[in-house]
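Trainee: I have a chain to study. Can we go through it together?

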Amino acid sequence: MGRFVVVDSGDLEWEWKFWFATQCSNFGYVMEMVDGDDVYISRYEGEDGEYVKIQADKEKLLQKLKSLKIDECPVCGNPKCTEATREMVKDFMEAVEKYEGKEIYATFFVEYT
């Protein structure tokens, strides 16, 4: 049981299980923080969650993820959620680093409940 971020389509394989009773469904909010400069992030509502579409130059996305400072969760501000969010970004960044292409096109589904 739990909430997940799962790949819906595209060429970047990655999955995250939100920390139970600690982390809010904040992947889309965090990805919006790196939007711009050859990194395009769009979010749209689905029936049971949201879709986060990423179109990005791999190196630009990595630069932005590495320089991302998360002082607190952009949704709830809870310290434990902030810690989980930092781990999520680190895990996502590792998946991007392993990706062999130059351009990333992927859509992720973020479960709300």
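Predicted model: local features only at pLDDT ≥ 70, side-chain atom pairs only at ≥ 80, totals over all residues.

Trainee: Which residues of helix α2 are buried, and why do they lie on the same side?

Mentor: Helix α2 spans residues 58–67, and its buried residues are K58, L61, L62, K64 and L65. They share a side of α2 because they cover an arc of only 165° around the axis.

Trainee: Which exposed residues does the face of α2 turned away from its buried side carry?

Mentor: Start from the buried side, which packs against elements including α1, α3 and β5. The face turned away from that side carries E59, Q63 and K66.

Trainee: Which residue caps the N-terminal end of α2?

Mentor: Look at the backbone nitrogen of E59. A side-chain oxygen lies 3.1 Å from that nitrogen. The oxygen belongs to the capping residue, D57.

Trainee: How many bridges join β3 to β4?

Mentor: A hairpin of three residues links these strands. They run antiparallel.

Trainee: In β5, what is the bridge partner of G49?

Mentor: β4 and β5 pair in the antiparallel sense over nine bridges. In β5, the partner of G49 is E111.

Trainee: R3 is buried yet has no salt bridge, so which side chain does R3 make a polar contact with?

Mentor: The backbone oxygen of Q23 lies 2.4 Å from a polar side-chain atom of R3. The side-chain partner, at 2.6 Å, is S25.

Terms used: Residues numbered from 1 in each chain as written. Heavy atoms only, no water. Polar contact = N/O pair within 3.5 Å; in protein donor to acceptor, adjacent residues only side chain to side chain. Buried < 20%, exposed > 50% of the residue type's maximum accessible area, 1.4 Å probe, protein only. Helix = DSSP H or I, 4+ residues; strand = E, 2+ residues; numbered from the N terminus. Arc of directions from axis to C-beta. Contact = heavy atoms within 4.5 Å. Pairing = 2+ DSSP bridges.
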